[in-house]
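Let's take a friendly walk through a protein model together. Have a look at the sequence and the structure first, and then read on.

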Amino acid sequence: MRTQTAHRPVTILLTALAPVSWGTTYAVTTEFLPPDRPLFTGMMRALPAGLVLLALARVLPRGVWWGKAAVLGALNIGAFFPLLFLSAYRLPGGMAAVVGSVGPLIVVGLSAGLLGQRPTARSVLTGLVAAFGVSLVVLKAAGALDLVGVLAALAATASMSLGTVLTKRWGRPDGVGPLALTAWQLTAGGLLIAPLALLVEGAPPALDGPAVGGYLYLALANTAVAYWLWFRGIGRLTATQVTFLGPLSPLTAAVVGWAALGQTLTPLQLTGMALAFGATVAGQLGVRPPARPAFGPAERDPRGTTDLASATLRR
């Protein structure tokens, strides 16, 4: 227990690299990739990354895990990517990110029902502060809200939140590490997106050098490595801790926009960044870490069920 507590800051920092990497997605997409190809971009992020990790892990699901991997892949990747892009295209500046910032509150609620974790006033307040801070950073002046866009943003947030909690609840099969679990989900999600991209957007576009480089970055660093760190974090932290790292993504996007794209940061945005970052830090404090590694053989009780009390939320 003492060793796990000592290693927890390192685990938090490594897991935080995932949303930081995701915060660069908008800049890479707008600067290097073909326009108006959100489904193709989602497929190019997920499927190559999943196949590379699958080749490295060399482990396939067995038994019931074929179905579980498909469900998790759909929730975390296959449904999440298209819904996220759809909401970003249809909503005025930053609104999709604001809707997405309520993810920690959804995870807190789902954890109560699926993992038996009672929500605390502190976690709810921290989630509200995080959402308010993100809204100050990314919310632009106005435009009419599109109902389809709002519903897509809510569905994307709910999809990944449910995927987070189910990943924690189901854990991993004995002897299977986070690399294989990540590979299964990315591959399943990419295979789900591929026919949809072909049906909706047609044949793949012609790619120039910058586009190839952009897709390589998204597939390898932004997806393969980032999601491996994310699912590894779910296995070692609570879901509340991991989901409160999510606001780092829009904060990173704002910083990249300022540093690389010449965008400005107003005093109001800087105030929002301070609030959201403070809520992210607060979400990591005062949380009791799991007493044992994630869902290994030692975590099975005599009846063969998962010990959820000692291996609580991990995303």
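Predicted model: local features only at pLDDT ≥ 70, side-chain atom pairs only at ≥ 80, totals over all residues.

Val52 sits in helix α3. Helices here are DSSP runs of H or I with at least four residues, strands are runs of E with at least two, and both are numbered from the N terminus. With a relative accessibility of 38%, Val52 counts as partly exposed.

Residues are numbered from 1 along each chain as its sequence is written, and side-chain values use heavy atoms, with hydrogens and water left out.

## The whole protein

How many helices and strands does the protein have? There are 14 helices and zero strands. Read from the N terminus on, the elements run α-α-α-α-α-α-α-α-α-α-α-α-α-α. The protein has 315 residues, and buried residues make up 50% of them.

Together with Leu56, Leu207, Val212, Leu216 and Leu220, Val52 makes a nonpolar surface patch of about 490 Å². Patches are made of residues with over 30% relative accessible area and no salt bridge; like charges are joined within 9 Å, and nonpolar side chains (Val, Leu, Ile, Met, Phe, Trp, Tyr) within 5 Å. A salt bridge is a side-chain nitrogen of Lys or Arg within 4 Å of a carboxyl oxygen of Asp or Glu. The accessible areas come from the Shrake-Rupley method with a 1.4 Å probe, and for residues only the protein chains shown count as cover.

Which helices each supply at least two residues of the patch? They are α3 (38-57) and α11 (209-236). The most comes from α11, which gives three residues.

## Helices side by side

Two packed helices are described by the angle between their axes and the distance between the axes. Axes are lines fitted to C-alpha atoms, for helices over the stretch in contact, and angles run from 0 to 180 degrees between N-to-C directions. Angles under 35 degrees count as roughly parallel, over 145 as roughly antiparallel, 65 to 115 as roughly perpendicular, and the rest as oblique. A crossing is left-handed if the near helix is turned anticlockwise from the far one by less than a right angle, and right-handed if clockwise.

The axes of α3 and helix α10 (residues 178-201) come within 7 Å and cross at roughly 150°, so α3 is roughly antiparallel to α10. Their crossing is left-handed. Helix α2 (residues 25-32) and α11 have axes that come within 9 Å and cross at roughly 160°; α2 and α11 are therefore roughly antiparallel to each other. The way α2 passes α11 is a left-handed crossing. Elsewhere, helix α8 (residues 121-138) and helix α14 (residues 267-282) pack at an angle of about 155°, with axes 7 Å apart. This pair, α8 and α14, is therefore roughly antiparallel, and its crossing is left-handed.

## Two loop residues with positive phi

Most residues other than glycine have a negative phi. Asp36 has a positive value, near 60°, and is not a glycine. Asp36 lies in the loop between α2 and α3 and is exposed, with a relative accessible area of 55%.

Arg58 is not a glycine either, yet has a positive phi of about 55°. Its place is the loop between α3 and α4 (65-78). Is Arg58 buried or exposed? At 74% relative accessibility, Arg58 counts as exposed.

Pro104 belongs to helix α7 (residues 103-114) and is buried, with a relative accessible area of 4%. Its C-alpha atom is separated by 5.4 Å from that of Thr243, 139 residues apart along the chain.

Arg122, in helix α8, is partly exposed at 44% relative accessibility. Thr167 is part of helix α9 (residues 147-170) and counts as buried at 4% relative accessibility. A separation of 9.9 Å lies between the C-alpha atoms of Thr167 and Val71, which are 96 residues apart along the chain.

Definitions and conventions. Buried < 20%, exposed > 50% of the residue type's maximum accessible area, 1.4 Å probe, protein only.
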